[in-house]
Amino acid sequence: MKKIIAILIILCIASASSWAQGVAATPEYIKELTADWTGERFPDGRPKVSDALLKRMKNIQIEEAWGYLRRKGYNNQYEGDWKILHPDSVMTGRVVTAQYVPLRPDYKQLVKLKGAKENRDTIGGSNSWPIEMLVPGDVYVADGYGRVIDGTLIGSNLGNAIYANSNNGVIFDGGVRDVAGLLDIEGFNGWYRGDDPSYLAEQMLNAINTPIRIGRATVLPGDVVLANRHGTIFIPAHLASELVLSSEIVGLRDQFGFQRLREKKYTPGQIDTKWTSAIEADFRDWIKKFPDGKLPMTRKELEDYLNSKKQ
């Protein structure tokens, strides 16, 4: 019996090692990282959050998303203090992660060899490998440990490739080059630490689709990112739908409260504290008369959510 247990332990260790040995994480490992997700997945294992939900996510305020995640115990999902190509635009998408480290020649050679085994293009730089994996709706999120000089992860050529594959943009805890060229890519956006004319010279790719750190946030492949002029927040895929719906309800409650205040039906003190049962009943009657086409969610989603709060 002891021998069997020992063999099983060795097999588990060997299996875990095999996940770590490649440049990109295996689908099995990504499924472990995102085990709470029960929906459809991409072939690489990442949760396939719907395009419709990503579109609705664009209307959510960073503060609302932050508050929801804090209530769920996720206290390290926000990062701010960015340079932004187009500050007036909002970006949402499914995260593809990449981790970069300072250049070390012997390790760089090993990464190239492992990339070749994964049928990756070893003629150019390995910083193109995450880009080749992007699909529409993805956001390329890279841990460049804040490096800018000799660590610029993309210029206009790779920026065009990113947009061609993802129809989206990037979030880099690091640098970019050729900002003028990046600004010319219609629809492309980027959150980054700084820009510099230097090429990627003293930095190298370490891993793709593994957990990374972006400032004070922990990011997993398949997270949903909401990025705007106020920062970036990384949302676990299994919480994305409820976060959007609950934030939309908050928006409706605000709209109701503002209207009733203008009508002078309630005082600011009544609206700005826990509502009485009479105000709650008034809100539910107001919701029933709300035109379906103006609701951010389906009528069923709304009614199911409100009924769940009665219990």
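Analyst: A residue counts as buried when its relative accessible area is under 20%. The model is predicted. Ask away.

User: How many of the five residues of β12 are buried?

Analyst: The cut-off for buried is under 20% relative accessible area. On one side of β12, Val224, Leu226 and Asn228 are buried, and on the other Val225 and Ala227 are buried too. Strand β12 is therefore largely enclosed by the rest of the structure, and its buried count is five of five.

User: Why do the residues of β12 split into two sets?

Analyst: Side chains in a regular strand alternate between the two faces of the sheet. In β12, one side carries Val224, Leu226 and Asn228.

User: Which strand pairs with β12 over five bridges?

Analyst: The pairing is antiparallel. A hairpin of two residues makes the link from β12. Asparagine 228 faces glycine 231 across the pair. The partner, at residues 231–235, is β13.

User: In which sense do β3 and β12 run, parallel or antiparallel?

Analyst: Strand β12 covers residues 224–228, and four bridges tie it to β3. Glycine 93 sits opposite valine 225. Arginine 94 has valine 224 as its bridge partner in β12.

User: Which strand pairs with β3 in the parallel sense?

Analyst: Six bridges make up this pairing. Arginine 94 is opposite aspartate 138 there. The strand, residues 138–143, is β4.

User: What is the bridge partner of glutamine 99 in β9?

Analyst: Strand β9 spans residues 203–208 and runs antiparallel to β3, with five bridges between them. Tyrosine 100 stands opposite leucine 205 in β9. For glutamine 99 the partner is alanine 207.

User: How many residues of β3 are buried?

Analyst: Strand β3 runs over residues 91–102 and has 12 residues. Strand β9 has six of its six residues buried. For β3, which is mostly covered, the number is nine.

User: What span should helix α9 have, and what separates its end C-alpha atoms?

Analyst: Helix α9 covers residues 237–262, which makes 26 residues. The expected span is 1.5 Å times one less than the residue count. That span agrees with the separation of the end C-alpha atoms, because both come to 38 Å.

User: Which residue follows α9 with a positive phi?

Analyst: Its phi is near 60°. The residue is lysine 264.

User: Is glutamate 248 buried or exposed?

Analyst: Glutamate 248 lies in α9. Leaving aside neighbours within four places in sequence, glutamate 248 is in contact with Arg56, Ile60, Pro296 and Met297. Its relative accessible area is 9%. Buried means under 20%, so glutamate 248 is buried.

User: What volume does the largest pocket hold?

Analyst: Rolling a probe the size of a water molecule over the atoms shows where empty space is left. For the largest pocket, that space is about 500 Å³.

User: Which helix gives the most to the lining of the largest pocket?

Analyst: The lining has 21 residues, and the closest to the pocket centre are Ser246, Ile249, Val250, Arg253 and Tyr305. At least two lining residues each come from α4, α9, α11 and α12. With eight residues, the most comes from α9.

User: How many charged residues are in that lining?

Analyst: The lining also has seven nonpolar and four polar residues. The charged residues number 10.

User: What is the exposure of threonine 122?

Analyst: Threonine 122 is in the loop between α5 and α6. Not counting residues up to four places away in sequence, threonine 122 touches Lys112, Gly115, Ala116 and Trp129. Its relative accessible area is 34%. Buried needs under 20% and exposed over 50%, so threonine 122 is partly exposed.

User: What share of the chain's residues is buried?

Analyst: The chain has 12 helices and 13 strands. Its C-alpha atoms fill a box of roughly 70 × 65 × 30 Å along the principal axes. Of its 311 residues, the buried share is 46%.

Note on methods:
Residues numbered from 1 in each chain as written. Predicted model: local features only at pLDDT ≥ 70, side-chain atom pairs only at ≥ 80, totals over all residues. Heavy atoms only, no water. Buried < 20%, exposed > 50% of the residue type's maximum accessible area, 1.4 Å probe, protein only. Pairing = 2+ DSSP bridges. Contact = heavy atoms within 4.5 Å. 1 Å grid on protein atoms, 1.4 Å probe; cavity = no way out; pocket = protein on both sides within 12 Å on 5 of 7 lines; lining within 4 Å. Points joined across faces, edges and corners; volume = space filled by probe spheres on them. Nonpolar A, V, L, I, M, F, W, Y, C, P; charged D, E, K, R; others polar.
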